[in-house]
Amino acid sequence: MRPAHLLLAVLVAAVWGVNFAVIEIGLGHFPPLLFSALRFLVAALPAVFLVGRPKVAWKWIVAVGLVLGVAKFGLLFVGMDAGMPAGLSSLVLQIQSVFTAGIAFAFLGERPTPVRLLGMAVALAGIGVAAADEGASGPLGAFALVIAAAACWGASNVLTRKASPPDALNFMVWVSTVPVLPLLALSLLTEGPARDLAALRALDWQGAGTVVYVAWISTVFGFGAWGWLLHRHPASTVAPFSLLVPVFGMTSAAVFLNEQVSGLRWCAAALLVTGVALTSLPPRSPTHPLTEGASLQRAAG
């Protein structure tokens, strides 16, 4: 990989890691489901008019939009709003690689290798340590919501593998059109129109900046650059850079949000990153299609 491409891969990981701190700040301005809806609205417009027609069947765009956009991001934003720390969220979400492998085995018959099984066990041990740490200092219900978000992310990875989008940016922009109305409807039903209107009326530069960051920088730029790298390098070369996301996530949360990182949390981070690294290793046979497809969505918040 050229130095410029290597730097771009690190930049994307940094953008996705810092994204969790930005989400935390944004949740101080918006109810979580409204914030998630605004993320996808701004990501889709005006980009949807610039990327051309969808390059995969609409059934895959709708399926991924509902599972990834509504379920995964809805659960993540609600979980963080309920008290799940930004840095820990960036770490725990990486368990999605275990869910991806498990769902692919259950529905596609793709048997994990012994090394991947070991990686899954190590990653699950990391989740156990993180849960013990969070149980001592924070709400386990919020922790469970982020675990559920990771499971939905795993399901969306398998759906993306089936869709096999030839253009990651085109696919992500069109996927972003799907969650807007469902998330707005859920926000109105659960968060209430009065709370939503109050948040929009109180919109300031910081609140607008968080929406722009999570929509254009994290979603449009992040996925576009990641897809560009995947078109030029094997997924096995690009995907390991996603392991830097929780590093940037925990560091940025400590710097910008003053989140404390306990010894148990560092232990959980070491186990999770090691487990995800083992789970992400491609088999020695020709490139595994799931690795190529799922790596498009492996790490971002």
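Q: Is aspartate 167 buried, partly exposed or exposed?
A: This model is predicted. Aspartate 167 has a relative accessibility of 25%, so it counts as partly exposed.

Q: Which residue forms a salt bridge with aspartate 167?
A: The general idea is that side chains of opposite charge can pair when their charged atoms come close. Here the partner of aspartate 167 is lysine 55, and the closest N and O atoms of the two are 3.3 Å apart. Lysine 55, at 48% relative accessibility, is partly exposed.

Q: How many salt bridges does a search of the whole structure find?
A: The search finds two. In one of them, glutamate 110 meets arginine 161, with 3.1 Å from N to O. This pair links distant parts of the chain, 51 residues apart: glutamate 110 is in the loop between helix H5 (96-108) and helix H6 (114-137), and arginine 161 is in helix H7. Glutamate 110 is buried, because its relative accessibility is 13% and the cut-off for buried is under 20%.

Q: How many aromatic pairs does a search of the whole structure find?
A: A pair of aromatic rings is described by the distance of the centres and the angle of the planes. The search finds seven aromatic pairs. One of them joins phenylalanine 35 and phenylalanine 77; the ring centres are 5.2 Å apart and the planes are at 50 degrees, so this pair is tilted. Phenylalanine 35 belongs to helix H2 and phenylalanine 77 to helix H3, so the pair ties together parts 42 residues apart in sequence. Both residues are buried.

Q: What angle lies between the planes of phenylalanine 40 and phenylalanine 73?
A: The angle is 70 degrees, which makes the pair edge-to-face, and the distance is 5.5 Å centre to centre. This pair also runs from helix H2, where phenylalanine 40 lies, to helix H3, where phenylalanine 73 lies. Phenylalanine 40 is buried at 0% relative accessibility, and phenylalanine 73 is buried at 1%.

Q: Which residues form one aromatic cluster?
A: The cluster consists of Phe30, Phe35, Phe40, Phe73 and Phe77.

Q: Where does helix H11 bend?
A: An α-helix has 3.6 residues a turn, so residues three or four places apart point the same way. Helix H11 (residues 205-232) has 28 residues and spans 37 Å from first to last C-alpha, close to the expected 40 Å. H11 bends by about 30 degrees at tyrosine 213.

Conventions: Residues numbered from 1 in each chain as written. Predicted model: local features only at pLDDT ≥ 70, side-chain atom pairs only at ≥ 80, totals over all residues. Heavy atoms only, no water. Salt bridge = Lys/Arg side-chain N within 4 Å of Asp/Glu carboxyl O. Buried < 20%, exposed > 50% of the residue type's maximum accessible area, 1.4 Å probe, protein only. Helix = DSSP H or I, 4+ residues; strand = E, 2+ residues; numbered from the N terminus. Expected span 1.5 Å × (residues − 1). Bend = angle between axes of the 7 residues up to and from the residue. Phe/Tyr/Trp six-rings, centres within 6.5 Å; stacked < 30°, edge-to-face > 60°.
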